[in-house]
Amino acid sequence: MTGEHPEPGSGTGTGTGPALVGIVLVSHSARVAEAVAELARELAAGGPVAPVAAAGGTALGGLGTSTERILAAAREVDQGAGVALLADLGSSVLTVKALLMEDELPPGSELLDAPFVEGAVAAVVTASTGAPLAAVAAAAADAYTYRKA
């Protein structure tokens, strides 16, 4: 993640406005998570951009998911306005669900039901406007309706 942010959970925002919903992108691939995060940040640019962190791959750099990476990313983006997590497939979804059930993620964390790339862009753009977590989740879910033909 780029830019300066407050201590996780402080709820103080970036110092230039209210706290924004943080976004965590959970993928089996670190490169995929980083690339989608970069794309979403670039498309949301033009003002304050919500904090976005990629949590991809294993601690050893392989394909898979890592609870430690997900927890660190969620804490990194947490400004007190909620944390929206998007997962790519299979075990990344199950890992996020387990962390939510075990109450290990910051308060106000939610797994979004959305396509990974389009949902991430919609979530980051919406969160960057200062929208609450419910609106960020709705925008990401609405990405399922995007038609390409």
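Modeller: One term is needed at once: two residues are in contact when heavy atoms of theirs lie within 4.5 Å. Please also keep in mind that this is a predicted model.

Biologist: Which residues does T95 touch, leaving out those up to four places away in sequence?

Modeller: T95 touches T65, T67 and I70. T95 itself lies in helix α3.

Biologist: Why is T95 called buried?

Modeller: A residue is called buried when its relative accessible area is under 20%. The value for T95 is 14%, therefore T95 counts as buried.

Biologist: What makes the pairing of T95 with T65 a polar contact?

Modeller: The limit for a pair of N or O atoms is 3.5 Å, and one atom must be able to donate a hydrogen while the other accepts it. The side chains of T95 and T65 are 3.2 Å apart in their polar contact, so the distance lies within that limit. The side chain of T95 also reaches the backbone oxygen of S91, at 2.7 Å.

Biologist: How do you know how helix α2 and helix α3 are placed against each other?

Modeller: Two packed helices are described by the angle between their axes and by the distance between the axes. For α2 (residues 67-77) and α3 (residues 91-101), the angle is about 65° and the axes are 10 Å apart. Their crossing is right-handed. The residues that meet are T67, I70 and L71 from α2 and T95, V96 and L99 from α3. By type, the residues of this contact are 4 nonpolar, 2 polar and no charged.

Biologist: Let us turn to another part of the chain. Where is S27, and why is S27 called buried?

Modeller: S27 is found in strand β1, which covers residues 22-27. Its relative accessible area is 1%, and the cut-off is 20%, so S27 is buried. Beyond four places in sequence, S27 is in contact with several residues, including A33, G56, D88 and F116.

Biologist: Which polar partner does the side chain of S27 have in another side chain?

Modeller: That partner is D88, at 2.7 Å. This value is within 3.5 Å, so the distance meets the condition for a polar contact. A polar atom of the S27 side chain also lies 3.1 Å from the backbone nitrogen of S29.

Biologist: Is H28 to be called buried or exposed?

Modeller: H28 has a relative accessible area of 19%, which is under 20%, so H28 is buried. H28 sits in the loop between β1 and α1. Its side chain makes a polar contact with the side chain of S91 at 2.8 Å. Among the other residues in contact with H28 are G57, L63, D88 and S92.

Biologist: What makes A33 a buried residue?

Modeller: The relative accessible area of A33 is 0%, and therefore A33 falls under the 20% limit. A33 belongs to helix α1 (residues 30-44). Setting aside neighbours within four places, A33 is in contact with L25, S27, A54, A55 and G56. The C-alpha atoms of A33 and A54 are 5.1 Å apart, although 21 residues separate them along the chain.

Biologist: Why is D103 called exposed?

Modeller: Exposed means over 50%, and D103 has a relative accessible area of 66%, so the word applies. D103 is placed in the loop between α3 and β4 (109-111).

Biologist: What is there to say about the phi of D103?

Modeller: Most residues other than glycine have a negative phi. D103 is not a glycine, yet its phi is positive, about 55°.

Biologist: What is the overall plan of the chain, and how many of its residues are buried?

Modeller: The chain has 5 helices and 4 strands, arranged along the sequence as β-α-β-α-β-α-β-α-α. Of its 149 residues, 45% are buried. Among contacts with a separation of 6 or more, 75% join residues 24 or more positions apart.

Biologist: How confident is the predictor in this chain?

Modeller: The mean pLDDT is 90, and 89% of the residues reach 70 or more. Over residues 1-14, however, pLDDT stays under 50. For that stretch the model has 29 contacts beyond four places in sequence.

Note on methods. Residues are numbered from 1 along each chain as its sequence is written. This is a predicted model: local features need pLDDT of at least 70, side-chain atom pairs count only at pLDDT 80 or more; totals for chains, interfaces and linings use all residues. Side-chain values use heavy atoms; hydrogens and water are left out. Helices (H or I, at least four residues) and strands (E, at least two) are DSSP runs, numbered from the N terminus. Buried means under 20% relative accessible area, exposed over 50%, partly exposed in between (1.4 Å probe, protein chains only). Axes are lines fitted to C-alpha atoms, for helices over the stretch in contact, and angles run from 0 to 180 degrees between N-to-C directions. A crossing is left-handed if the near helix is turned anticlockwise from the far one by less than a right angle, and right-handed if clockwise. Ala, Val, Leu, Ile, Met, Phe, Trp, Tyr, Cys and Pro count as nonpolar, Asp, Glu, Lys and Arg as charged, and the others, Gly among them, as polar. pLDDT is the predictor's confidence in each residue, from 0 to 100.
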